[in-house]
Amino acid sequence: MKITKTLLAASLISAVTPASAGEVEVLHWWTAGGEANAISVLKDMLEQQGYSWIDFGVEGGGGESAMRVLRTRAVSGNPPSAANIKGPDIQEWARLGFLTNLNSVANPEHWDDVIPKMITNVMKYDNHYVAVPVNVHRVNWLWANSEVFAKAGAKIPTSMDEFFTAADKIKAIGLIPLAHGSQPWQNATLFEVIALDVLGAKDYIKAFVDLDMDTLGGEKMIEVFTQFKRVRSYVDNNSPGRDWMTATSMVIKGEAGMQIMGDWAKGEFSAAGKVPGKDYVCAPAFGTAGKFTYNVDSFAFFDLQDEENFKAQQALASTILDPKFQEVFNLNKGSIPVRLDMDMSHFDQCALDSMREFKSSAKTGDLVPSMAHGMSTTSYVQSAMFDVITNFFNNPNETPKEAVQRLTKVVKSSM
Ligand code: BGC
């Protein structure tokens with residue numbers, strides 16, 4: 001079920017269409033059900049203002065393929081208008097001179113006043129905006145099928161121990177405890193959730209933001225790998241290569257009990273007409289209640305020569321932060337709006353919980369950037385971490401201690 005776009009009707013810019021309005025080409029990887037519903041809201045709003053939309057969707061969860069394609073296009077001198085680039089990589093693209101200055105939109109629209117500073121800092125290079133944030137995803141979620149839990153007589157886990165108890169009960173009724181796709185970014189998503197629980201927010205930041213070698217190579221990190229291996233044993237043998245949305249649909253259909261995934265998974269539950277609190281449960285992943293791993297999707301804007309296309313880019317940037325767009329997009333995407341001044345009355349319990357914990361975790365020091373989703377390091381360091389984590393996931397003979405030694409070694413060499 002696609003969340004209605006009629007909410008937009010009132011605000012749809014009675015725009016006077018310029019004679020030869022420009023076009024925007026937008027690179028993203030939002031091809032799953034909920035994601036596609038979400039991005040189509042942007043396309044519709046742009047087209048309603050008279051601009052042309054060229055869709056540049058590249059399949060592949062987590063966006064690694066999309067980033068590869070983007071690099072090729074940009075290096076050959078033909079970048080799109082905007083691309084979903086996140087976190088520290090935005091600075092990297094700006095430093096290389098690829099991005100444009102969006103202050104002509106940001107200043108009159110007062111972006112500084114409506115977006116948290118922690119996020120605007122990432123969107124700016126040299127004091128000007130080069131990117132626009134779309135949403136805030138929370139990564140440390142557990143998604144559970146209510147009926148499976150009832151059948152298994154299991155309780156939604158709040159700690160790692162409770163997770164193992166619930167997983168055993170689900171296994172005992174012949175179902176898959178944990179739906180997972182063994183792709184590097186999904187393995188890293190699961191890994192960082194376990195890391196947040198075992199390390200706590202402070203050491204998580206030391207490890208994945210500061211790249212502190214003592215923390216990356218320490219005893220607690222060995223424990224993270226140990227628990228990772230244990231959680232992995234509740235994943236079925238068909239997980240290699242499985243897409244995240246296929247794993248989500250296993251939970252939706254009741255073939256599996258749980259999935260650990262960011263709240264883009266909720267977009268799939270919504271697209272399938274499922275209701276939180278009834279058909280499924282969203283809960284902070286084991287041991288991480290009160291903590292919040294954030295993943296902010298954002299579009300970086302490339303420097304284009306064509307004047308009409310620059311105008312179209314400005315319209316795109318402005319539309320992304322339009323409160324009406326923020327509402328309908330995020331209802332479909334599963335995330336929460338990036339504007340803090342939004343009316344949240346149309347959002348469900350999962351989104352309200354997310355918004356509450358986003359704000360409270362910022363005060364307690366429990367708000368941490370996602371390593372798996374490009375928020376904490378550059379993509380070079382991230383991909384080195386992905387290699388170690390995935391190798392460990394696939395290799396039953398590697399010990400947690402060996403994995404930790406490899407982790408410090410590859411991170412050092414990619415810094
Ligand atoms: C992105 C989400 C996307 C997910 C699955 C994440 O890295 O931030 O927007 O839905 O990957 O592709």
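Domain 1 (7-137 + 295-349) and domain 2 (139-294 + 363-414) both contribute residues to the shell around the ligand, so the ligand lies between them; the domain bounds come from an automatic or database domain assignment. The model is predicted: local features need pLDDT of at least 70, side-chain atom pairs count only at pLDDT 80 or more, and totals for chains, interfaces and linings use all residues. Residues are numbered from 1 along each chain as its sequence is written, and side-chain values use heavy atoms, with hydrogens and water left out.

The shell may be considered next. Of the 13 residues around the ligand, E35, K86, D297, K333 and H373 come nearest, where a residue is near a molecule if one of its heavy atoms lies within 4 Å of it. By class, the shell holds four nonpolar, five polar and four charged residues. In this scheme Ala, Val, Leu, Ile, Met, Phe, Trp, Tyr, Cys and Pro are nonpolar, Asp, Glu, Lys and Arg are charged, and the others, Gly among them, are polar.

A polar side-chain atom of K86 is 2.8 Å from a ligand oxygen. For K333, an N or O atom of the side chain is 2.7 Å from an oxygen atom of the ligand, and for W30 the corresponding distance is 2.9 Å. The protein covers 100% of the 310 Å² of accessible area that the ligand has on its own, as computed by the Shrake-Rupley method with a 1.4 Å probe.

The ligand takes up the space of the largest cavity. A cavity is a set of points, on a 1 Å grid over the protein atoms alone, where a 1.4 Å probe fits but cannot get out; lining residues have an atom within 4 Å of a point. The volume of this cavity, the space filled by probe spheres set on the points, is about 110 Å³. Of the 14 residues that line the cavity, W29, E35, G62, W264 and H373 are closest to its centre. The lining comprises five nonpolar, five polar and four charged residues, and at least three residues come from each of domain 1 and domain 2.

Conventions. On a 1 Å grid over the protein atoms alone, a cavity is a set of points where a 1.4 Å probe fits but cannot get out, and a pocket is an open set with protein on both sides within 12 Å along at least five of seven lines; lining residues have an atom within 4 Å of a point. A polar contact is a pair of N or O atoms within 3.5 Å; within protein, one must be able to donate a hydrogen and the other to accept it, and residues adjacent in sequence count only if both atoms are side-chain atoms. A molecule sits in a cavity or pocket if more than half of its atoms lie within 2 Å of its grid points.
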